[in-house]
Amino acid sequence: MPNLNDILILLPEFYLVAAACVLLLLDAFMQPAQRGLLHWLSVVVLLVAIYLVVAGQPDVPVTAFGGMFVRDRVAEILKVFALICTVFVFVYARPYLRDRNLYVGEFYTLTLFAVIGIMLLVSAGNLVMVYLGLELLTLSSYALVALNRDSPLSSEAAIKYFVLGALASGMLLYGMSMVYGATGSLDLAQLRAAGAHAAMPNLLQFGLIFMIIGIGFKLGAAPFHMWIPDVYEGAPTAVTIFIGSAPKLAAFGMAYRLLDSGMGELVHHWQIMLAALAVLSLAIGNLVAIVQTNLKRLLAYSTISHMGYLLLGLASANPQGYAAAMFYAISYALMGTAAFGVILALSRAGFECDNIDDLKGLNQKSPWLAFLMLLVIFSLAGVPPLFGFYAKLLVLEAAIHADMLWLALVGAVFAIIGLYYYLRVVKVMYFDKPELVGELSVQRDASLRLVLSLNVLSLLVLGVCWGPLLGWCQKAFLG
Amino acid sequence: MSNYLLSILTWVPVLGGILLLIVRDRRPDLLRWITLTIATAMFLLNLSMWPMMDHSNPGMQFVEHLSWGGPIHTAYALGVDGIAYAMTLLVTFGTMLVVLGSWGSITYRLHQYMACLMIMEGLMIGCFSATDALLFYVFFEGMLIPMFLLIGIWGGPKRIHAALKFFIYTFFGSIMLLTSLIYLYNKAGTFDIHTLAQLPLTHTEQTWLFFGFLVAFSIKIPMVPVHTWLPDAHVEAPTGASVDLAMIMLKIGGYGLVRFMLPIVPDAAAEYAWLMIVLSLVAIVYIGFVALVQEDMKRVMAYSSVAHMGFVTLGIFVSVLLVRRGGNIDIALIGMQGAMVQMLSHGFISGAMFTCVGMLYDRMHTRMIKDYGGVINVMPWFGLFFVLFAMANSGLPGTSGFVGEFLVILSSFSASPWIALFAAFTVIISAAYMLWMVKRVLWGEIGNSHVAEMKDLDVREWLTLSAFAGAVLIAGVWPHPFIHLMDASVTQLVQQIGIHKI
């Protein structure tokens, strides 16, 4: 029976559901001119949620609702960074949405529901909870992608996302049903215990394969990456920035819960599958990104390659590897919001700034913005002393530690290939003559300018003082 | 304060660079003076450390150690031994003269140019003084960013190609270095370079790590056959970046060999010493001939750099060979000392030559040899310096170029007379390409009307070249202070090579 204690454990989630509903109602009775209030209210709601997550964190992992929900350090860290990324998204998105008549309450409420999905997913203690959280996240995302309903490109992207996403969810559900058939349990902790002596080990392994497909799809790892470039390009940039950041943390959380908490006994089976996914993602992401001319597609392929690095850490299948992968997911989420944030800052009414050539001569037009983008790009490329470098260092270290030197070498070689397309962006900004005309969003919106600067400088600060964050991540897994 | 000297030398230029970015280029002369003041102050501060150095101590001095905390065992650890200190001197001396030498040649986004130079200076000092492998790597790699921008923004017509080639080539090397370092970290549980040097390693491990280090540092030096980025980068880079590149950045490759490769994988280094010696001789002889046929002055100097850095690697690995053969340790010591002096000397000479070419370029906006002729008639002072540096580059006794090459040839003679024979070829080849260039640029009738209009050196240029000339002559006539400075560390290094790890 649920009691008060269970509800207290889920307080941040309940609070966020209530707040999202209130905002939805508020929006219905508000004049469009007052939308600024809604915007700032949503930001405050998220900030309070961060406080509730951190303040209410128990010292030892606790479960609620009969093991459905787990509140541990892993979930805490992932939730905090997912919420921070969403705050960034809201601030960056406002000028863009305003210019395109998309400045509507649905954007905020749908995003908030997606965040609730993320929070449930990363705290899942049961296969049903995994599935519920995932569906809440993805259904909200489908609607968000179609936010600009008059744009054929957006509608196409939404349909593609929906069809492929539904297929992947189906696969995942099918895998879960087989796992249930083999073990007779949906609880992740019991699954792990039952995994060693399952009645039908073949059925369990078969279910595992389907679950890996689902995870691969949500991460966007090759060969399940097809939706990423189209959705990134087709969705309004204000939505792409969300899809490209916080849900990556959720996908990591889901992979960790399903594979380690649930299928920990089958580690030798999934380790090699993840390694294969990692190599494919690194190869496809980095090679295909070279020929892209659209900045959003370039970042989409770059995401695929980054998921390859994240899988390097997961494939190590030890607490240090998980910590490295979580560190990587956090760094990627922060870099992703920053990179798309620059694109949003440069776009204006009637101009998307989604081609690489649109950045031409940015150093002359706005040296500060060019410098911020420079830091983001070098961080994505993994050049020290930026955050992205330490993330790469740690996953490579984890792979070598787990006796997978070959995997680390593959990761290292593809870092060089990846460098080429990152450098092209810097080249366009710094070495080419400017073609930009007109006012930039960043010059109109002070909050965007401030928060974007904070976001990017955090990459530099975390690149220098990465010890505490890494310590936090490792403590979450080592206990 | 003397406890934090290295941190000051590293971070004051970086902060100065950030300050320049904030000041912007509304008052260019003020900007130049600020930069010059910082650079000069750094040089004087660095020089003031010389009397404080304990010449008999082969270990690290001016040590700073600050743990990052966190689960990865790495630290903000700085310190210099004799070799590293000599290299930091090269950095501060070079940067000061680069700022002075490119005073008026850059006008486009001057503040960013000067900021790049300053940040480079800080990162290069950090690189030479890092005693933690990860910190070394951070500086090693971080300095690529300002250099990439220097070449790409202020470079010549094909600057973008050159900048990308430079960055990708070097990044390829450094990521191999990173993988090797992570492997070592996994074995040793620390990134401390001194501890890594004590780590026992099997034959297979040493071989792999040797080639990891080799890729990283041979690209940076650069050695044949991975030298092809250097001519492109040099030709397209603005004068200041060329000087920085030739004078200092190449030395990081040589420094990496003695700091990482020799102490950590001595057995593999001994096993493949023959390979390194062959590659060095190819650089000295073959690249020398390549330099002969170049028509662009910067290209001549770029190939000459590859050939002269060949002497550095030759000296290092002849020394390894001699130690492992159980031969005369004193002769091995001479080879290693020769290599170190050659690094300094090549820094002075190549920096000076690139500055000279830059001064001609400022006047004529061409680097082609055929566009000049009879320059001595209108620029006698310039002619004096140019001939001096050309002679030094071809190893004239009395200049620093002679000392390093002489010591290296001397020790290679005991390894094998054949090595010495090929190495000695350099005297003829480098004299040929340098003197031929001097003949076509300086001597003869005035080539064309543009040359006739050229003005001789102004006070600033005269000062810059005299400083270079002073360094070249002092190190040539009285090399003792430099050799004495590095002696203890070099001796310890040679002893380390002798220790079998297998």
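**Helices, core and chain contact in a predicted model**

In α15(A), the residues A:Pro319, A:Gln320, A:Tyr322, A:Ala323, A:Met326 and A:Phe327 meet A:Leu469, A:Leu470, A:Cys473, A:Gln474, A:Phe477 and A:Leu478 of α22(A), where two residues are in contact if their C-beta atoms, placed from the backbone, lie within 7 Å. Of the residues in this contact, ten are nonpolar, two are polar and none is charged; Ala, Val, Leu, Ile, Met, Phe, Trp, Tyr, Cys and Pro count as nonpolar, Asp, Glu, Lys and Arg as charged, and the others, Gly among them, as polar. This is a predicted model, in which local features need pLDDT of at least 70 and side-chain atom pairs count only at pLDDT 80 or more, while totals for chains, interfaces and linings use all residues. Residues are numbered from 1 along each chain as its sequence is written, and chains are lettered from A and ligands numbered from 1 in the order in which they are written.

Helices here are DSSP runs (H or I, at least four residues), numbered from the N terminus. The axes of α15(A) and α22(A), the latter spanning residues 467-478, come within 8 Å and cross at roughly 135 degrees, the axes being lines fitted to C-alpha atoms over the stretch in contact, with angles from 0 to 180 degrees between N-to-C directions. The helix α15(A) is therefore oblique to α22(A), since angles under 35 degrees count as roughly parallel, over 145 as roughly antiparallel, 65 to 115 as roughly perpendicular and the rest as oblique.

The largest nonpolar core has 402 residues, and those with the most contacts inside it are A:Ile118, A:Val376, A:Val395 and B:Phe389; such a core is a set of buried Ala, Val, Leu, Ile, Met, Phe, Trp, Tyr and Cys residues joined through C-beta atoms within 7 Å, and a residue is buried if 20 or more other C-beta atoms lie within 10 Å of its own. The helix that gives the most to this core is α15 of chain A (residues 319-346), with 21 residues. Leaving aside neighbours within four places in sequence, A:Ile118 is in contact with residues including A:Ala82, A:Leu137 and A:Pro247.

Between the chains, 27 residues of chain B are in contact with 26 residues of chain A. On the side of chain B that touches chain A, α5 (133-142), α6 (144-154) and α7 (159-188) each supply at least two residues, and the largest share, 14 residues, comes from α7(B). By class, that side of chain B has 19 nonpolar, six polar and two charged residues.

Key
Buried ≥ 20, exposed ≤ 12 C-beta atoms within 10 Å, placed from the backbone.
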